[in-house]
Amino acid sequence: MTIKYLTKNDVLAACIGGSVYASGGGGFYEHGLEMGEAAVALSPVVLKTIDEFEEDDLIITQTAIGAPAGTTDWQMLGKDYIRAVELLLEKHPHPEKIKGILTPQNGKSSSTNGWLSASALGLAVVDATGDIRAHPTGKMGNMGAANDTT
């Protein structure tokens with residue numbers, strides 16, 4: 001198996017592709033580029049498919065939920081993404097089982113959610129997404145859980 005590392009070209013592709021999938025949503029394009037480029041500059045970022053994980057490995061999601069494009073004073077720093085995952089790792093009963101991060105949605109910046117944390121904390125970026133695009137309501141999103149009647 002060949003290990004795939006994310007590159008600056010992947011950052012650009014993720015942000016451009018996310019712009020299309022999110023139909024203009026998903027945060028600021030420049031922010032996505034900034035976080036993605038910081039991730040690949042910090043350390044090698046491994047990209048894995050779902051089937052490359054062990055059955056008992058845990059995968060987490062990372063996002064910046066809200067409407068940051070609706071205000072001019074919004075700012076999400078790279079250290080905020082990293083700290084959020086650090087807190088989860090500190091509180092989780094089995095942090096050693098957490099092996100990967102995925103974004104719950106594609107977007108101009110949300111496509112690179114988790115890349116910086118993965119780079120900083122030695123986790124893989126998962127080649128999957130939860131909902132494809134941002135949703136205006138929880139019922140439309142949350143990975144289809146609203147449709148589960150069990």
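First, ground rules. This is a predicted model: local features need pLDDT of at least 70, side-chain atom pairs count only at pLDDT 80 or more, and totals for chains, interfaces and linings use all residues. Residues are numbered from 1 along each chain as its sequence is written, and side-chain values use heavy atoms, with hydrogens and water left out.

Now the fold. The chain has four helices and five strands. These are DSSP runs, numbered from the N terminus: H or I and at least four residues for helices, E and at least two for strands. Along the sequence the pattern reads β-α-α-β-β-α-β-α-β. Of the 150 residues, 35% count as buried, meaning under 20% relative accessible area with a 1.4 Å probe, protein chains only. Take contacts, that is, heavy atoms within 4.5 Å. Among those between residues at least 6 apart in sequence, 78% join residues at least 24 apart.

Next, empty space. Rolling a probe the size of a water molecule over the atoms shows where it is left. The search runs on a 1 Å grid over the protein atoms alone. A cavity is a set of points where a 1.4 Å probe fits but cannot get out. A pocket is an open set with protein on both sides within 12 Å along at least five of seven lines. Lining residues have an atom within 4 Å of a point. Points are joined across faces, edges and corners, and a volume is the space filled by probe spheres set on them.

How many cavities of 30 Å³ or more are there? One. The largest cavity holds about 50 Å³. Helices α2 (29-42) and α4 (115-121) each give two or more residues to its lining. α2 gives the most, with three. Among the lining residues are H31, M35, Y81 and W115. By class, the lining has four nonpolar, six polar and no charged residues. Here Ala, Val, Leu, Ile, Met, Phe, Trp, Tyr, Cys and Pro are nonpolar, Asp, Glu, Lys and Arg charged, and the others, Gly among them, polar.

On to the second largest pocket: about 280 Å³. It has 18 lining residues, and the closest to its centre are L47, S111, W115, V126 and D127. Strand β5 gives the most to this lining, with five residues. The classes split into ten nonpolar, five polar and three charged.

Last, L102. It is found in strand β4. The C-alpha atoms of L102 and A124 are separated by 8.7 Å, 22 residues apart along the chain.

Notes: Buried < 20%, exposed > 50% of the residue type's maximum accessible area, 1.4 Å probe, protein only.
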